[in-house]
Structures are given as C-alpha cells and as structure tokens.
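Please look at this protein chain and its 3D structure.

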Amino acid sequence: MMKFFFTLGDLLTYLVPFPRWRENLRVVQLYDFRRKYRALRHAFPNLSFRHVKMVKGGWNIGFIVDRKYVFKIRKSFDGGPRVDKIIREKRITDAFASVSPWRIPKIDIIESDGLTFYKYDFIPGKNLNRYSRRTITRRRDQWGRQIAEFIHAIHHSDPAQIADLKTGNGDGWNHNDICNNMIVDPKTMDIVGLIDWEYSGWGPLQTEFDNTVAFSHAMRQSGIQRVIINEYKKLTK
C-alpha cells in the first residue's frame, strides 16, 4: 500500500508548475524513491518484482521483494557518512550472527546506479508489537523468557571484530530498537528474528530493558518488561 501512495505522489508531482519545487518534493518528501526503485531493478534483473512492499522507518526506506529479500537504503542518500552507517550495521550483524539465539540479517552491500543498498533475506512472521495487548499479556511469560535470553546473549558478548565501535559509557552491547523489530512466527508463536540493527551500540543494560517497551503502549501495559527483567536475573545467578 505504501508503494502505491508513493507512486501516486510521484505522479502528482508532474502537476507542480516549477521544476525546483517538483524536484524538492521528489527528493525530500518522497525520498527520491522512484530513482532508488529503478536502480534496484537494474541491479537484480532476474528478480520478478511481482510483489513489492515498501516500508520506511528510522533513516531508511526499504523494499520487500517477492517475500524473499529486503533491500534498504537511506531516505536521504548523498554518500559519505550514510554509507558508513550501512557498513557499521553490517559489521555488527556479522559479529553477532553466531551469538544471537534468533535469526538476524546477513547483510550484503549492493551498489547500483551510484546508490548503495543493503540486502538481506526476508524473515517471515509478524512484528511482536503489532499484537494486541491481550495477546502480549497472554504470551508474556513465553516471550519475556525469550527476550531475556536474547538480551543476555548479546549483552554478555564482546566481539573483538567490533571493539572499535564501542563508544560512550556502558557495560555491554544493546540492539537499542528491540521493541519495534522482533519477528514472531505465527505458527509457533515463538520469537524467531530481530531486524534493523542501525541503532545498536554499546550501552547500559537498563537501556535495553527500557527499549523492550519504549515504543509500544500495548507492550508497556502487558507487564512483559517485568517478566523480562526477572527472567534475566535467573540467567545471571
């Protein structure tokens, strides 16, 4: 649906009488998405692009293609530091691939038509914070234990290959946007994946506990944070 509205918005810019205004709308308001989508299709001519879902969040827009691959790119792309952020995220996910109890993206960096994308396999499922408060409350013991196990595994890991990325005060690695990005398998109702590591970094443990409910009223009201903390304490005894 989002791709439809962006496409419609792009078509409507042709009605804007001044070229500078048209360009501003396309680049700033629509994230120059048409150019990015065209570059993506040039890079992967063998993909069908029959089913494409567009998503946006944080610094990025993304295209989920045929429910097989996710391609992400910065909303406002001009090279330089934004490419560095993509490389940083790849380094972190590579470092934690063997540590995480959940599936995390294996990122490939793709260059096409002067743009830099990153690609990873689509993880099927439903975002945990999209479930109702009632469901989260009913599943909080199961999910709280799984989240505690994940946080414990990541926070107690200190991969040497990303030691240079440790900045600021802290006592371990955090995902830092965990509330928004946990993927649940609707068949088993287990958490199976965690995406979008762009905000991850070295920090205090309490910050990660806070992040588990930071962006969802349903998560906060469910009482799952209390379960997460209690389950975490069991792991540290």
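The model is predicted: local features need pLDDT of at least 70, side-chain atom pairs count only at pLDDT 80 or more, and totals for chains, interfaces and linings use all residues. Residues are numbered from 1 along each chain as its sequence is written, and side-chain values use heavy atoms, leaving out hydrogens and water.

**Salt bridges**
- Side chains of opposite charge can pair when their charged atoms come close.
- The whole structure holds seven salt bridges (a side-chain nitrogen of Lys or Arg within 4 Å of a carboxyl oxygen of Asp or Glu).
- Aspartate 196 bridges to lysine 72, with the closest N and O atoms 2.5 Å apart. This pair links distant parts of the chain, 124 residues apart: aspartate 196 is in the loop between β9 and β10 (201–203), and lysine 72 is in strand β3 (residues 69–74).
- Strands (E, at least two residues) and helices (H or I, at least four) are DSSP runs, numbered from the N terminus.
- Lysine 72 counts as buried because its relative accessibility is 6% (buried is under 20% relative accessible area, exposed over 50%, partly exposed in between, with a 1.4 Å probe and protein chains only).
- Aspartate 196 is buried too, at 19%.
- Glutamate 198 also meets lysine 72 in a salt bridge (3.7 Å, N to O).
- Aspartate 164 and arginine 91 form a salt bridge at 2.7 Å, N to O. Aspartate 164 is exposed at 52%, while arginine 91 is partly exposed at 28%.
- Shared partners join Lys72, Asp196 and Glu198 into one network.

**Positive patch**
- Lys53, Arg67, Lys126 and Arg130 gather in a surface patch of positive charge.
- Patch residues have over 30% relative accessible area and no salt bridge, and like charges are joined within 9 Å.
- Lysine 53 lies in strand β1 (residues 52–57) and is exposed, at 51%.

**Strand pairing**
- Strands β4 (residues 108–112) and β5 (residues 115–121) run antiparallel, joined by five bridges (pairing takes at least two DSSP bridges).
- Isoleucine 109 stands opposite tyrosine 118 in β5.
- Two residues separate β4 and β5 in a hairpin, and aspartate 113 in the turn has a positive phi of about 50°.
- Another sheet is open, with three antiparallel strands in the order β6-β8-β9. Its edge strands are β6 and β9 (191–194).

**A buried loop residue**
- Asparagine 129 sits in the loop between β6 (126–127) and α5 (133–155).
- Asparagine 129 counts as buried, at 16% relative accessibility.

How values were computed. Patch = residues over 30% accessible without salt bridge, like charges linked within 9 Å, V, L, I, M, F, W, Y side chains within 5 Å. Areas by Shrake-Rupley, 256 points an atom, 1.4 Å probe, with all protein chains shown as cover. Lys, Arg positive; Asp, Glu negative; His and termini not counted. Charge placed at Lys NZ, Arg CZ, Asp CG, Glu CD.
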